[in-house]
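Reader: Please take a close look at one part of this model, the pairing of its charged side chains. A connected account would be appreciated.

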Amino acid sequence: MKKIIAVLLYITVSITVYAQPSKNKFETHKIAFITQRLNLTPEEAQQFWPIFNQFTEKMQLIRNSSKPDKSIDELGDADTEKIILTEFDKEARELDLKKEYYQKFKKVITVKKIAKLYRAERDFKALLIERIQQNKESRKQLRKERD
């Protein structure tokens, strides 16, 4: 029975991943990581992933909005203050979005799975940072060996 559920879950995740043409390797790994951590049923996955994808897209829009054109060192105090206040606004909009989608997630998965989702996202970021650092170290080591 567990094998059947695992196969169905894999199929559901695969359909979700391949239905999104803009998904890159990073996002595919993130989906697999989160799916494994949440242990979603096929029914939950089918309802959860469209909501999560929508949440992620909206969060990206907020995070990518209003990036400064110049470095902080090149700006005056007034412009620097505008950047700081803009960042506060972005953080507030992110929090509002998180609260909104928490309510949407509650309709399709349990509160415990939502908590696992938040932890899985943090763990995935930490894992990604760790791998980036390992890759940098590996490249450094290769350069030293070549020189």
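Author: Buried denotes under 20% relative accessible area, exposed over 50%, and partly exposed the range in between (1.4 Å probe, protein chains only). The model is predicted, so local features require pLDDT of at least 70 and side-chain atom pairs pLDDT 80 or more, while totals for chains, interfaces and linings use all residues. Residues are numbered from 1 along each chain as its sequence is written, and side-chain values use heavy atoms, without hydrogens or water.

The protein chain has a mean pLDDT (the predictor's confidence per residue, 0 to 100) of 85, with 84% of residues at 70 or more. Among helices (DSSP runs of H or I, at least four residues, numbered from the N terminus), confidence is lowest in helix 1 (residues 2–19), with a mean of 51, and highest in helix 4 (residues 77–106), at 95.

The structure contains 7 salt bridges (a Lys or Arg side-chain nitrogen within 4 Å of an Asp or Glu carboxyl oxygen). In one of them, the closest N and O atoms of Glu44 and Lys113 are 2.6 Å apart. Because Glu44 belongs to helix 3 (residues 42–64) and Lys113 to helix 5, this pair ties together parts 69 residues apart in sequence. Glu44 is buried at 13% relative accessible area, and Lys113 is buried at 15%.

Arg63 and Glu94 form another salt bridge, with their closest N and O atoms 3.4 Å apart. This pair joins helix 3, through Arg63, to helix 4, through Glu94, and so ties together parts 31 residues apart in sequence. Glu94 is buried, at 15%, whereas Arg63 is partly exposed, at 31%.

Within helix 4, Arg93 and Asp89 lie 4 residues apart, about one turn of the helix. Their salt bridge has a closest N and O separation of 3.2 Å. Arg93 is partly exposed at 31% relative accessibility, and Asp89 is partly exposed at 40%.

Conventions
Helices (H or I, at least four residues) and strands (E, at least two) are DSSP runs, numbered from the N terminus.
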